[in-house]
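The following exercises are to be worked with the sequence and the model open side by side. Each task is followed by a solution in steps.

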Amino acid sequence: MFEKLSKYLVPIAGKLNNNRFLSVLRDAFMLAFPLTIFGSIFVVLTNLPFLDKLMNEGAIANFRDMFGIASSATMGIMSVFVVFGIGYYLSRSYNVEAIFGGAIALVSFFMLTPFVVQPENGELVTGVIPLDRLGAKGMFLGMITAFLATEIYRRIVQKNITIKMPPGVPPAVAKSFAALIPAFITLTVFLGINIFVTQLFNTNMHDVIYKAIQAPLVGLGSGIIPTLIAIFFIQILWFFGLHGQVIINSVMDPIWNTLMIENLEAYTAGNPVPNIISKPFIEIYTVGMGGTGMTLAVVLAILLFMKSKQMKQVGKLGLGPGLFNVNEPIIFGLPIVMNPIVIVPWILAPIVVTLVSYFAMASGLVPPPTGVAVPWTVPFFINGIMATNSLAGGLLQLVNIVIVFVIWFPFLKSLDRVNIQKEKEEENKAA
């Protein structure tokens, strides 16, 4: 069965992992990662649950006004970083001038962005970009625009439709002139698109893409069934030695990150958090408990109850990294990869924990993640509190650790017996 499954899964996973556009998308989101972490830290600080015990209402409002810009200037405009990152990394993958690719992609995105704001019960204000267009609402248009703009730019460059400068001209000047014609043509295309949509249909591309593509996809991705399917494939791919997160997250990250930004926008505005499923939910309540498959519970079970020398050694090696959500020593040392004894708990435990976490939040027992981006190496319990701004988020992780422990225990005992038998046979041969 494993051979047949591997025959079909591995080639598909390999193609996804090596796909140029998915790799560029993954790198573009990672470009925004340190910036979103910076913004998230200040969201946590300005929304600490005990602030009302230390300050009066006026002082809290002033405190949030002073530091709120940290979130608005980072997570609030995440689409800007992603658009520039796509343009940059895609251009670099084609060996054309990457910095111009990023800049052209970003300006193309702005070409399609309405510079109009209408406050509630107020007149239209022109010359101002609505912040939500640069955040969650503009994410999918930004990605589509960046890929198209960069493809147009690089094709023109690769066909040598550029201005060539004499050899003595400084490189920076020569590169700017070389990018002039590709930039002009690319930006003209997107200016034409904007004129066509705004003048003929009296709308804008942001609203078109949001209603036609982004809202349906995000609505689908926020459901528990698609989430469970994604987690199932992450676990299956890891079982065959392929990096499940890198492959599946390349497809799902645009949706999960959009849901995360929606949560953050609602949370910072003082409104209820709209989504349970989001990027922090996936990371904190799966990867964030000892690594992929929540194997910190597996390490604890090995150290406390297993007797084989090999498993004890693996447990000792896996404890330190596992506390910081790194579990390659367990995946490859136990091993989990291609080990039929543990495939059931390896797939079942994350699915059960995801269901428990989802319904705990849906029922109101635990608040959903606020949209704050927590570094994946933050130890469990602490990251649960940070993600939800609530002690209940950490307590839910403790419950989940127990669930994983119970599911894995009988399979670990079976593996332990197999290893003990092998160790005895090796000792008898040595004697």
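**Exercise 1. A residue and its surroundings**

Which residues does Asn249 touch, not counting residues up to four places away in sequence? Determine also whether Asn249 is buried or exposed.

Solution. The model is a predicted one.
- Step 1: Locate the residue; Asn249 lies in helix H12.
- Step 2: List its contacts beyond four places in sequence, which are Ile234, Gly244, Pro254, Trp256 and Lys279.
- Step 3: Apply the cut-off, by which buried means under 20% relative accessible area. Asn249 has a relative accessible area of 10%, and therefore counts as buried.

**Exercise 2. The largest pocket**

Describe the volume and the lining of the largest pocket.

Solution. 
- Step 1: The volume of the largest pocket is about 700 Å³.
- Step 2: Its lining consists of 31 residues, and those nearest the centre are Met30, Asn249, Lys279, Glu283 and Trp376.
- Step 3: At least two lining residues come from each of helix H2 (20-46), helix H12 (244-268) and helix H13 (279-287). H12 gives the most, namely seven residues.
- Step 4: By class, this lining holds 16 nonpolar, ten polar and five charged residues.

**Exercise 3. The second largest pocket**

Which element supplies the largest share of the lining of the second largest pocket?

Solution. 
- Step 1: The second largest pocket has a volume of about 400 Å³. It is lined by 19 residues, of which Gly68, Ser71, Ser72, Leu264 and Thr268 are the closest to its centre.
- Step 2: The elements that each supply at least two lining residues are H2, helix H4 (57-67), helix H5 (69-72) and H12.
- Step 3: H12 supplies the largest share, with five residues.
- Step 4: The classes in this lining are eight nonpolar, seven polar and four charged residues.

**Exercise 4. The enclosed space**

How many cavities of 30 Å³ or more does a search of the whole structure find, and which residues line the largest cavity?

Solution. 
- Step 1: The search finds one cavity of that size, and the space in the largest cavity is about 80 Å³.
- Step 2: Its lining is formed by Ile231, Ile234, Gln235, Gln245, Asn249, Ile282, Thr286, Val287, Thr292, Gly293 and Pro350. Helix H11 (224-239), H12 and H13 are the elements that give two or more of these residues.
- Step 3: The lining has five nonpolar and six polar residues, and no charged residue.
- Step 4: Compare with Exercise 2. Asn249 is among the residues that line this cavity, and Asn249 is also one of those nearest the centre of the largest pocket.

**Exercise 5. The whole chain**

How many helices and strands does the protein chain have?

Solution. 
- Step 1: The protein chain has 19 helices and two strands.
- Step 2: Of its 431 residues, 48% count as buried.

Technical notes
Residues numbered from 1 in each chain as written. Predicted model: local features only at pLDDT ≥ 70, side-chain atom pairs only at ≥ 80, totals over all residues. Heavy atoms only, no water. 1 Å grid on protein atoms, 1.4 Å probe; cavity = no way out; pocket = protein on both sides within 12 Å on 5 of 7 lines; lining within 4 Å. Points joined across faces, edges and corners; volume = space filled by probe spheres on them. Helix = DSSP H or I, 4+ residues; strand = E, 2+ residues; numbered from the N terminus. Nonpolar A, V, L, I, M, F, W, Y, C, P; charged D, E, K, R; others polar. Buried < 20%, exposed > 50% of the residue type's maximum accessible area, 1.4 Å probe, protein only. Contact = heavy atoms within 4.5 Å.
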